[in-house]
Amino acid sequence: MKPILLKGGTLVDPSQGLNGVGDVLIADGVIKGLGGTIAGPKEVDVIDCAGLIVSPGFIDVHCHLREPGREDVETIATGARAAAAGGFTAVCAMPNTDPVTDNQAAVGFIVRQAQRAESARVYPIGAISVGQEGKALAEFGEMVGAGAVAVSDDGKPVASAQLMRTALEYARTFKIPVIDHCEEPTLSVGGSMNEGIVSAQLGLKGIPAEAEEIMVIRDILLARLTGGHVHLAHMSTKGSVELIRWGKERGIRVTAEVCPHHLSLTEESVRGYNTNAKMNPPLRTAKDVEALRVGVKDGTIDLIATDHAPHHYDEKEREFADAPNGIVGLETALAVIVTNLVETGHLTFSDLVDRMACGPARIFGLPGGSLKRGAAADVTVFDPKARWKVDASRFVSKGRNSPYDGMTLVGRAACTIVAGSVVYRSGIPARGREKVNRTRG
Amino acid sequence: MTGTLGKDLLGLESLTGDQIRLILDTAEPFKEISERAIKKVPALRGSTIVNLFFENSTRTRISFEFAEKRLSADTVNVSASGSSVSKGETLVDTARNLEAMRIDMVVIRHSASGAAQFLAERIQSNVINAGDGTHEHPTQGLLDILTLRDRFGDLKGRRICICGDILHSRVARSNIWGLNKLGAEVAVCGPRSLLPNAIDEFGVKIFDRVEEAIEWAEALNVLRLQFERMTAGYIPSAREYNRVFGITRERLDRAPGDILILHPGPMNRGVEIDSDVADGPHSVILAQVTNGVAVRMAVLYLLAGGKPELAEAAKGGSGRGREDRE
């Protein structure tokens, strides 16, 4: 493997308080040199990074890669490549596959498929309950042994407080977070968007903010009871931010994530029955968006995750209430955050890198999240000024279901490096970790 | 080519007060056609219209069919029991197939909110919403408003209260939009469990007690109480609903002035409305049904490109209408 010299980029790495121009030398899959001007060995691939930001690789702790079960809408390979194209060096795959990823064999399958993909790293998340049925606890120990980094019944709320309590207690042995999709199911039943004036006008059954918040406070209280680590997925409401703040002030082990769409869009996007604005939790109000922006800035919300959820276009091309929840996000996340949070002054690039790279690595105990010498060379190089028009038909992901299709956004991945190999470079996704020069036909 | 209403009639939210008045004014000359021995004019001769009913309906479908036939259109009724999904064909495929048959208009009734707009965005034919989920039922709203206008003249400042299950009612939404645009004062009355949580933002007054509504209103539009609301737990029982919210003779007797009673039908006698009210002197329920045909004729005529000022002539049998289109 040829060494790589990233030349003249702005190094942004909050894990070591770094923010300034300098070179990065990568060899043998690790960071060999950092900062200042580096000459590098004779045989080296030099990548000109002038005007670009060089940061620890982004990690998405929440995506749906659909394999096994729905390989027609995404596979681990296409999902990993889409991640790389979006600047992610690693993603965590949710277990709501078919069959459910609730045992060591299923976890092992994902690990192997990810190795074959030779692109962004893919870490499996195991199910909390067998079959995600909310009854019997799945085998956390064996799943962790096979490579699972967390457990979740995502997509399905853990309705039973007793099961959630047991999961939080049992997960402590393995030092993994228990991720909850916070939704009080009897309150949200039949709902397809946020409950409010827009749902009332459109005649769609709404999901109140309280359906999320009731479970947020339940989970925080159970984390206090058990001492377990609860990680709250895709927070969408102002009330949730306030409850998490309450929990953190008391030292309870609660962490939380927010999705780019909940930081940038409101329920108004649903008008016209736009099924690409349908996801769960739903888009909320401008007040919620503002509170989430403040929360992600002050650290109440620890990290940004995509909830990448590809669907076949046929499934979205139907009556709103019948359309499935979810949108793709891997290839737009960076640009949505730059456009809606950095350009507007809510976040600095340093904050962005912390919430998308360092935070995920820290909270999930994953490799990466730092450009320190000797660290695994998972590096994202992105152009903070690149203006581009989103064209969903050109996504690397098989999914086309994006509410950002046609929008002009700012910020784009230029080069994604995993374990010292370029897996994506400026519009040309490399197929394998070694095959830098391959272009698409 | 589209007339003064645009290509489709999807709801009253998107119409202006002037457009609503135009439809009502156009309906006036059409009222008389239904009183004739030969109830037919050639305004839509040669036009093909599909009545696409994914949800059961007797009154609305028959009303549309009479309106179409009295304008000499060729009509086909398609009743799909349940949704298109349960039939195996998606709504978008249904739309494409209709389009391929070169039809002129589609009247659609569907259980999903937004279904009419979905169809309208995907086919070139005119689309008329005959009720989509809990969203809108614009021709019902228009016929209710026409009935009120027959009695009140100008609706500006008139006090109209819609009673019952506002949460699930497309009729309520169309009435609120339409009446507000014509300057009426609108109120709603019903159990809070059957009002949208965001009702405060609708620009309507809210009455918790039907007695207060009766004291305030000049007209009550009494909505049908769907039986499934009880099984879903929104209210305890039909009996209690009648006791607390039913429009009864005793309650109406305490009205300070004259009060008009409307009901979009079909009625649950003894639940939301008592028989002696429905059949009594305050009731204009059958006038609504008669007006329904005239309003739907007006909508069909205008969407087909008919000139409003020629509605009188069209009525006379000159056959102007679709032929006027460029």
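Modeller: First, a term: axes are lines fitted to C-alpha atoms, for helices over the stretch in contact, and angles run from 0 to 180 degrees between N-to-C directions. Helices (H or I, at least four residues) and strands (E, at least two) are DSSP runs, numbered from the N terminus. This is a predicted model: local features need pLDDT of at least 70, side-chain atom pairs count only at pLDDT 80 or more, and totals for chains, interfaces and linings use all residues. Residues are numbered from 1 along each chain as its sequence is written, chains are lettered from A and ligands numbered from 1 in the order written, and side-chain values use heavy atoms, leaving out hydrogens and water.

Biologist: Fine. At what angle do α1 and α6 of chain B cross?
Modeller: Roughly 70°. The axes of α1 (residues 17-33) and α6 (residues 138-152) of chain B come within 10 Å. That makes α1(B) roughly perpendicular to α6(B) (65 to 115 degrees; under 35 is roughly parallel, over 145 roughly antiparallel, the rest oblique).

Biologist: Which residues meet there?
Modeller: From α1(B), they include B:Ile20, B:Leu24 and B:Lys31. From α6(B), B:Leu142 and B:Arg149 are among them. Contact means heavy atoms within 4.5 Å. By class, this contact has 7 nonpolar, no polar and 6 charged residues. Ala, Val, Leu, Ile, Met, Phe, Trp, Tyr, Cys and Pro count as nonpolar, Asp, Glu, Lys and Arg as charged, and the others, Gly among them, as polar.

Biologist: Over to chain A. How do α7 and α8 pack?
Modeller: At an angle of about 10°, with axes 9 Å apart. So α7(A) and α8(A) are roughly parallel to each other. The contact has 7 nonpolar, 3 polar and 3 charged residues.

Biologist: Now the interface. How many residues does each chain give?
Modeller: Chain B gives 24 and chain A gives 16. The area buried is about 1,600 Å², 56% of it from carbon and sulfur atoms. Buried area is the accessible area (1.4 Å probe) that two parts lose on being put together, summed over both.

Biologist: Which side chains make the salt bridge?
Modeller: B:Arg122 and A:Glu317, at 2.7 Å, N to O. The term means a side-chain nitrogen of Lys or Arg within 4 Å of a carboxyl oxygen of Asp or Glu. The count between the chains is 1. On chain B's side, α3 (84-87), α4 (91-100), α5 (115-120) and α7 (170-181) each supply at least two residues. That side divides into 10 nonpolar, 8 polar and 6 charged.

Biologist: Where are the cis peptide bonds?
Modeller: One joins A:Asp98 and A:Pro99, with omega about 5°. A:Pro99 sits in the loop between β7 (88-93) and α2 (104-117) of chain A. Another joins B:Gly265 and B:Pro266, with omega about -10°.
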